[in-house]
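Trainee: I'm new to this one. Could you walk me through how to read it?

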Amino acid sequence: MIRFLIKGVFRDRHRYLFPLIIVSCGVLIMIFMLALINGYMDSFIRSNAGFETGHLKVVSRAYSDIIAQKPYDLSLLDIQSALDQWKKRYPQLEWTERIQLGALLDVPDATGETREQGEIIVYGIDLLKSGMERKLLNLDKALARGRIPSQPGEALVSEQALERLKLKIGDPVTLIGSDIYGSLAFHRLVISGTINFGAEALDRGALMADISDIRQMLDMPGGAAEILAFFKDGRYDQKEADRIKADFNQTFSDPRDEYSPVMLAMSDQNNMGYLMGIVHSMLGIFSFVFIVILGIVLWNSGLMNGIRRYGEFGVRLAVGESKKHIFGTLVLEAVAIGVVGSAIGILLGSLGCWYFNIHGMDVSVFTRNSTLFTQDIIYTYIPLHTALAGFIPGVLSTVLGAILAGLAVFKRQTSQLFKELEV
Amino acid sequence: MEDPIVRIKNMSKAFPTGESEFLALKNVNLDFGKGEFTGIVGPSGSGKTTLLNVIGSLDTPTSGEVEVLGLEVSQLSQKGSSELRSRHLGFIFQTYNLLPVYDVYENVEFPLLLLKMAPNERRKAVMDALEWVGLTDKAQSRPAQLSGGQCQRVAIARAMVKKPTLVLADEPTANLDTENSLHILDTMQKINAALSTSFIFATHDQKVINYLHRVIKLIDGKVVSDDTQTGA
């Protein structure tokens with residue numbers, strides 16, 4: 001019977017074509033939108049993790065209390081042996097040390113007098129020992145001019161800062177700030193290149209130097225304000241991050257010592273947990289609205305189709321089929337159309353996602369004035385299970401439409417349906 | 001009449017028309033026996049189709065009793081009336097009402113699928129039915145590829161495939177020319193004789209009336225005559 005009915009559906013163009021197009025297009029749009037939101041979220045997480053939060057971050061307890069102020073005077077000092085222990089205990093993580101501070105950048109003229117001066121955010125990162133930061137911050141791609149520092153005493157500066165301070169590659173500059181003991185600190189650097197991340201928050205005014213230079217300037221040998229940890233597979237896993245954080249804090253952190261290390265997950269920092277929650281809610285709302293809209297369209301299509309098929313229903317009632325069975329077959333047809341339509345939509349949507357996953361989508365026009373760490377190019381991304389979940393709204397909306405349309409069969413008197421045979 | 005398969009007693013059927021109601025059938029009393037070849041005749045609007053609908057349990061009477069094969073129609077549940085139609089009744093319509101997306105074989109097979117008959121038995125029953133109506137060579141054709149007469153013969157095969165006790169035929173020749181009309185009437189008459197299937201027609205076609213053994217005349221919802229014809 002089921003084969004008989006399905007055969008009927010796919011032989012009647014009116015019965016399958018319109019719903020199939022609607023479901024396919026709907027699922028395609030949904031898959032693509034989900035991939036875009038996922039891609040945006042992924043880019044957002046990558047940017048924030050890479051530039052700011054890490055997947056996990058270790059700081060001193062005192063530092064964590066006022067983390068937004070980046071109080072490098074509360075840094076962890078002499079951390080190498082502790083870091084070795086952490087690396088051993090959590091082999092799934094990669095670690096990198098950083099110091100971030102706000103400083104004044106002084107640009108001298110030929111006589112050594114100040115020519116230009118401006119505020120700058122200084123990132124002390126590992127530029128010389130390992131290639132991890134180059135990879136994390138995508139420095140090779142972000143390099144606009146010059147080269148990445150190859151020896152101590154060299155620095156990268158953002159393109160906008162370079163222009164604002166009328167700098168040239170090779171110019172000497174002086175960083176002016178205070179060391180961790182509060183004394184005035186100076187450090188001379190040479191600009192080796194410029195960077196442009198496509199993230200407005202960074203591009204406005206950043207300077208990157210090797211962490212050894214910044215340690216020297218701040219008089220904190222072997223210290224780091226923040227130690228960032230990243231999952232080796234590159235993807236943030238909230239559950240695993242929470243598990244590691246709980247284990248770390250139980251094992252290595254002492255609540256009575258404000259200079260003992262404490263681990264924070266990405267979701268604990270910069271409202272990231274809240275933002276990720278919003279995105280997840282948005283995905284849920286988007287899926288729900290999609291189901292409702294598609295359901296209404298398919299209900300209308302089902303009604304039109306139902307009216308066209310009153311004659312058929314009449315014959316089927318006369319032959320001995322019950323209203324309940326006819327209703328059931330309408331739902332079954334909807335399931336078949338939903339499954340096929342969703343499969344087409346998922347396939348086409350995934351192809352679109354694949355294209356933009358490779359080539360990326362330029363959204364710089366929307367992020368130009370953003371203060372968030374977002375990238376100008378979004379690479380759509382959709383996990384397989386999310387793509388396959390496209391079947392749920394695709395089938396659900398067709399079934400919903402069929403149920404609403406099929407209720408008309410119940411509301412009508414049997415003889416009325418029969419009369420509509422126009423006998 | 002001994003053991004009638006349809007017994008109608010003081011039956012009336014009214015349809016609401018705004019605030020009042022239209023009485024389509026008025027105090028009808030009729031019995032139909034097994035193997036009858038009977039026609040309900042009368043002008044349009046006389047209540048012929050309404051009477052067939054009530055007998056076919058597609059509609060319920062407003063008052064009175066209608067018993068079909070020992071079952072009181074007004075007391076049947078949805079499932080009960082579906083089962084009655086599925087197992088014991090066959091319908092033939094003026095406009096054939098074949099399912100256009102299915103071929104001839106599948107149209108005839110459909111009632112048997114509802115009866116959950118085994119595939120082998122089903123195949124045999126369908127081919128037998130197509131043989132009765134002389135359409136075995138058209139089994140794979142779609143209704144759109146057939147003439148009106150052939151379509152009506154498929155409809156007869158569909159009604160007869162489950163070997164029902166009673167066939168209700170509503171104006172079965174209205175859309176057919178004389179030659180095709182006579183052909184399908186001959187077919188139905190042969191089936192009636194061979195299988196003792198009862199036929200009740202609603203018609204005002206003289207060609208059909210000539211074939212009937214019993215003619216019940218209905219005017220304005222009332223039975224005005226009930227005559228047996230000899231030599232039909």
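Mentor: Let's start at one spot: just after α3(B), B:K116 takes a positive phi of about 55°. Helices (H or I, at least four residues) and strands (E, at least two) are DSSP runs, numbered from the N terminus. This is a predicted model, where local features need pLDDT of at least 70, side-chain atom pairs count only at pLDDT 80 or more, and totals for chains, interfaces and linings use all residues. Residues are numbered from 1 along each chain as its sequence is written, while chains are lettered from A and ligands numbered from 1 in the order in which they are written.

Trainee: How many residues does the contact take from chain A and from chain B?

Mentor: It takes 21 residues from chain A and 24 residues from chain B. On the side of chain A that touches chain B, α12(A) gives the most, with six residues.

Trainee: And the strands: in what order do the six strands of the open sheet in chain B come?

Mentor: Two strands pair if DSSP finds at least two bridges between them. Here the order is β6-β7-β8-β3-β9-β10 (chain B), and the pairing is mixed. The edge strands, β6 (89–92) and β10 (222–228) of chain B, each pair on one side only. Further in, β3 (residues 37–41) and β9 (residues 214–219) of chain B run parallel and are joined by four bridges. B:I40, for instance, has B:I216 in β9(B) as its bridge partner.

Trainee: Which helix packs on the sheet?

Mentor: That's α1 (residues 48–55) of chain B, which touches β3, β7 (166–170), β8 (198–203) and β9 of chain B. Angles run from 0 to 180 degrees between N-to-C directions, using axes fitted as lines to C-alpha atoms, for helices over the stretch in contact. The direction of α1(B) makes about 150° with that of β8(B).

How values were computed: Contact = placed C-beta atoms within 7 Å.
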